[in-house]
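The following note collects comments on the side-chain packing of the model shown below. Please read the points alongside the coordinates.

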Amino acid sequence: MQLHTLTIQEAHQLLVTKQVSSVELTQAMLDRIHNVDKKVKSYVTVTDDLALEQAKKADERIAKGENVTPLTGIPFSMKDSISTRGVRTTCSSKILENYVPQYNATVTDKLADSGAVLVGKTNMDEFGMGSSCENSAFFNTHNPWNLDHVPGGSSGGSAAAMSASLATFTIGEDTGGSVRMPAGFCNVTGIKPTYGRVSRYGLIALVSSFDSIGPMTRDAYDCATVLEHIAGHDPHDSTTYQSPVPNYTQHINKPVKGMKLGIPKEYFVAGMEAGVESALQEAIRTYEKLGMEIHEVSLPHTKYGLPVYYLLLFAEASANLARMDGTRFGLSVSEGAKDVIDIYLKTRHEGFGDEVKRRIMLGAYALSAGYYDAYYLKAQKVRTLLRRDFETAFSKVDILLAPTCPTTAFKLGEKTSDPLEMYLSDIYVVATNPAGVPAIALPAGFSKDMPVGMQLIGKHLDESTLFQVAYAYQQVTDWHKQQPLL
Amino acid sequence: MTQTIDTKTVKHVAFLVRLGISEEEAQTFSGQFSSIIDYFNMLNEVDTMNVPPASDIANAENVLREDEVKPSMSREDFLKSAPNSERGYVKVPTVLGDE
């Protein structure tokens, strides 16, 4: 039996029937990380000692039969932007390379309470800024399906770790596709929940009004299980919803017959790789066979999603990253500094990579006197129109289906010289975040031996429908069960 | 509204975000910024007369809570992360200059 390829559901069964212990499961995962991650390079930090300690405690919980949740004893990893007390949290940036948080993110606390076992922190584009993981200040992560290709970004390490079976589940974070785009590139299931469904407390902020933490898993059932455990109101984050978290797995197997599936025509246009398009058309036929009604819908402002997303990102990120100033935590370059401004200038020059520099400067530009109305304010107005597009569509259909990316995973180095070209790879995933709606990515086939991703987009707080429709697809297809040879 | 972003503007915004920048970097960024901003100008096509700017995302307003005293991170823990501290304070060089 290969312990590292189990789903959460399978591993949980083995744990509670005492066929395997959490220590065995965790050790198997750590061994695999140490053997295989040399090739994939998905982990920034592996937490061997902490993991085995947590696994031992999980085994005690299981032995006593007390407080056992579906996640108790299950090894997982987390994107390195989510704070872990005592475990360095780098955002894959030089400026936080040696930063060790003194507190846990709410998500970290919730997973610890559920008894899940943290095996490590995964690589990402620096501060979440990128679509390929190539903006990590430390190293590139490789796509397990072809090591010459990127895993996508910014949660590329989480997606690659999941795809290479280096965790039973991982936690990513999606600001404008950062869970869904790499999930699609790596043949993984991953959700960007409704904005405000999962607490952002302890997440190192990129765009405070977009950031959404979400699980990445082997299938929709596992994804629903993890979200149940990390979602909910948090007094530390006033943007979290007060409404109770539904039991997402309870009705996940309800038939989808008669439900209305919307196909946004603006997402199926020239420029899409032929193999991606045919995989998506096949998925639509599958849903038709399952009895869903297929309707073409229009999201007329789709093409403006990208400029709206990036302008607002630049603006919010330039403010959020102001705290990286070399005085209270993280890198501090103070040699020869004559005043405190000197420390800021030197630390940030040395500590930030080029993409971070570009984005915070463009943010200051878009917010500065004379340009505020033309850029920041204009983008916020078009954001209203993007939200209305989704509202109109959801007055006609229950759920939308779209690709996660116009292509499969591109080659390492292919897009690094032109920042705008890299931004364009996010074209299908960015519009959901300014609108705040949830979306789940899932494997939909292959094009030239590389995975194709599709996403289902739902109404605010309607994750239940996303899981139900994703689950129905995974009952009649086995794309999500395909694993790369490593 | 096409505009080029010259190196002087780049250096100005770099200082606004307290980012040290070399002459060479300013030149590279200047070229890149012009093409990025040019792309963003496509938003001008959209008629936004009478469209209010988005201001919230979770449909929440005025989230209030009781103002209670609760334990928070200790000074000792906080200072563990600080590069430089003295007598319980974060230490930095001169903040206000002579002039």
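Which residue lies over the face of Phe410(A)?

1. The model is a predicted one. In it, Lys415(A) is placed over the face of Phe410(A), 4.4 Å from the ring centre.

2. Over all chains, the structure holds 24 aromatic pairs. In one of them, the ring centres of Phe185(A) and Phe410(A) are 5.8 Å apart and the planes stand at 90 degrees, so this pair is edge-to-face. The pair links distant parts of the chain, 225 residues apart: Phe185(A) belongs to helix 6 of chain A, and Phe410(A) to the loop between strand 9 and helix 13 of chain A. Both Phe185(A) and Phe410(A) are buried.

3. Tyr221(A) and Tyr471(A) make a tilted aromatic pair, with 6.4 Å centre to centre and 50 degrees between the planes. Here helix 7 of chain A, which holds Tyr221(A), is linked to helix 15 of chain A, which holds Tyr471(A), across 250 residues. Tyr221(A) is partly exposed because its relative accessible area is 22%.

4. Ring pairs also join residues of both chains into a cluster, namely Phe210(A), Tyr309(A), Tyr310(A), Phe314(A), Tyr423(A), Tyr39(B) and Phe40(B).

5. In helix 4 of chain A, the buried residues are Thr106(A), Val107(A), Thr108(A), Leu111(A) and Ser114(A). These pack against several elements of chain A, including helix 3, strand 4 and helix 7.

6. On the surface, Val92(B), Val95(B) and Leu96(B) form a nonpolar patch with about 300 Å² of accessible area together. Val95(B) is exposed, at 57% relative accessible area.

Methods. Residues are numbered from 1 along each chain as its sequence is written. Chains are lettered from A and ligands numbered from 1 in the order in which they are written. This is a predicted model: local features need pLDDT of at least 70, side-chain atom pairs count only at pLDDT 80 or more; totals for chains, interfaces and linings use all residues. Side-chain values use heavy atoms; hydrogens and water are left out. Buried means under 20% relative accessible area, exposed over 50%, partly exposed in between (1.4 Å probe, protein chains only). Helices (H or I, at least four residues) and strands (E, at least two) are DSSP runs, numbered from the N terminus. Contact means heavy atoms within 4.5 Å. Patches are made of residues with over 30% relative accessible area and no salt bridge: like charges are joined within 9 Å, nonpolar side chains (Val, Leu, Ile, Met, Phe, Trp, Tyr) within 5 Å. Accessible areas come from the Shrake-Rupley method with a 1.4 Å probe; for residues, only the protein chains shown count as cover. A salt bridge is a side-chain nitrogen of Lys or Arg within 4 Å of a carboxyl oxygen of Asp or Glu. Rings of Phe, Tyr and Trp (its six-membered ring) pair if their centres lie within 6.5 Å; planes under 30 degrees apart count as stacked, over 60 as edge-to-face and the rest as tilted. A charge sits over a ring if NZ of Lys or CZ of Arg is within 6 Å of the ring centre and within 35 degrees of the ring normal.
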